[in-house]
Amino acid sequence: MKKLPIGIQTFETLINNDLLYVDKTEIIFKLITQNSYYFLSRPRRFGKSLLLSTLKEVFLGNKKLFNGLFIYDKIEWEKYPVIHIDLSNVVYNDTVEKFEQSVIAELNYIAKQYDVKINNPINHSYAFNELIKELSVQNKVVILIDEYDKPIVDFITNKEKATINRNLLRDFYSVIKANDQYVKFVFLTGVSKFSKVSLFSGLNNLKDITMNSEFSTICGYTQEEFEYYFADRFEETAKILGYSIEQLKAEVKLWYNGYSWDGINKVYNPYSILNFFQDKKFGNYWFTTGTPTFLVEKFIADKIAITDLTAESFGEHFFEKFDVDSLDYRLLLFQTGYLTVKEYDKEFNLYNLDFPNKEVRDSLLLYLSTVYIEKDINNMDVLISKVNGYLKRKDYEMFFNSLKSIISSIPYTLKREDEAYYHSVFYIIMLLMGAKIDVEKLTSKGRIDGVIEYEDIIYIIEIKHIKEISNIKNLLDTALTQIKEKEYFAPYLAKGKEIKFIALAVNDNNLEYKIC
């Protein structure tokens with residue numbers, strides 16, 4: 001059993017230390033034989049750096065590292081000078097001068113490795129231009145840029161600083177197109193997908209493979225890869241967790257699979273999978289590597305309802321709009337890995353977004369709940385567990401008293417005078433409870449606000465917003481009448497479970513209910 005490459009992003013280190021490597025060289029073979037200029041966007045901790053490191057070794061001609069891998073006997077091995085830059089290593093959070101000096105220092109380091117010199121660089125773009133020309137004397141140049149967007153996305157809530165860094169990078173990347181005759185291969189990768197107009201205006205031959213089905217599994221583990229490369233770990237892990245092997249596979253899939261960029265091919269989060277098998281327990285591994293503070297700030301500023309996240313379908317042009325000047329929160333969530341493509345309608349060329357898996361959904365909702373509902377995460381966890389227990393054992397008085405307590409904790413700055421906001425709060429609570437819940441469920445006669453299903457009972461829920469206290473009784477009666485007259489219960493009759501109707505009347509300081 002090979003050791004797991006926890007935290008290892010260098011292909012040479014991984015192979016020389018006989019660590020587990022999921023062979024992606026068949027896709028890499030397609031890359032290098034089909035085109036020369038590529039761009040790929042993937043969330044953090046998704047294997048982008050390892051991918052670039054692998055490409056680097058291919059173009060350095062280090063054939064021996066690939067013994068036993070798909071690409072080993074598929075190409076003519078040749079050595080090219082490689083400019084491999086990780087922009088997370090440069091100083092981009094200070095002045096323009098320090099940014100440029102830091103980039104020049106990186107380029108000088110690469111130049112020294114190839115015994116060439118950059119003479120009196122005026123700025124970072126000049127130095128880049130000189131290095132390409134100097135290296136091209138040896139052979140055509142390969143350019144690999146990791147975290148191409150980090151100097152921008154780290155200041156995404158600071159428009160002025162983000163714009164300055166964007167302009168510096170635009171000048172830098174324009175050098176690549178100007179030196180096309182000296183270049184063999186280019187690959188840029190990062191978290192975000194900035195529009196070509198804003199960042200790559202001079203690099204119009206860059207092929208974006210972010211949502212290309214042919215390369216959709218280039219990062220992450222497919223189901224087939226998961227079952228093949230981790231098969232020797234299933235039995236021991238299943239025994240420790242008290243599962244059968246099939247139960248273990250199903251649970252791991254629920255927690256960590258589901259990422260897709262084409263709506264067809266799905267992959268597991270590699271970082272979470274490696275850590276799961278290392279620790280042999282389920283945890284929010286990927287989520288805890290980066291707190292989405294800037295996303296939460298945008299949720300607060302725009303007073304976004306959680307149910308709005310997956311309420312629309314999007315055309316392909318939606319995914320080209322990302323820029324400092326226009327940030328759609330759903331696109332931001334998609335590019336940072338909190339939403340993924342769940343379905344693709346080929347006929348109308350439309351994409352539906354949703355949470356990729358249990359880890360991301362539960363972690364993000366719990367984190368957001370501490371903003372929407374003013375409690376810390378530990379207290380919220382305890383409260384949610386209690387609420388779930390009350391509803392399961394049909395202790396309705398305690399259940400609704402707990403809901404009242406949560407509603408009363410909502411900060412004044414977040415409260416909205418509409419039903420959609422309270423749908424969001426209710427939705428967060430129910431999902432965190434672990435309940436099977438459908439929100440805004442469409443039927444032939446209308447839209448159900450919520451359906452909660454347990455093993456022995458189904459709850460049909462209608463929520464009304466209280467505008468006048470004197471009208472609460474009428475609101476509750478109207479909600480129950482709506483459930484009955486529109487037969488919201490009809491799709492669930494065949495399940496043979498007890499069905500209860502719940503009417504909720506709610507505002508910022510009150511919650512009343514009626515159940516029948």
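**View 1. Salt bridges in the predicted model.** The count comes to 19 salt bridges, a salt bridge being a side-chain nitrogen of Lys or Arg within 4 Å of a carboxyl oxygen of Asp or Glu. Side chains of opposite charge can pair when their charged atoms come close. This is a predicted model, in which local features need pLDDT of at least 70 and side-chain atom pairs count only at pLDDT 80 or more, while totals for chains, interfaces and linings use all residues. Residues are numbered from 1 along each chain as its sequence is written, and side-chain values use heavy atoms, with hydrogens and water left out.

**View 2. The salt bridge between E225 and K24.** The N to O distance of this pair is 2.9 Å. E225 belongs to helix α9 (residues 223–229), and K24 to the loop between α1 (11–16) and α2 (25–34), 201 residues apart. Helices (H or I, at least four residues) and strands (E, at least two) are DSSP runs, numbered from the N terminus. E225 is buried at 14% relative accessibility, and K24 is buried at 8% (buried means under 20% relative accessible area, exposed over 50%, partly exposed in between; 1.4 Å probe, protein chains only).

**View 3. The salt bridge between K394 and D456.** The closest N and O atoms are 3.9 Å apart. K394 lies in the loop between α16 (377–392) and α17 (396–408), and D456 in the loop between β10 (446–453) and β11 (457–465), so the pair ties together parts 62 residues apart in sequence. K394 is partly exposed at 31%, as is D456 at 43%.

**View 4. A network of salt bridges linking K394, D456, E498 and K500.** Within this group, the side chains of K500 and E498 meet at 3.9 Å, N to O. K500 is partly exposed, with 22% relative accessibility, and E498 is partly exposed, with 35%.
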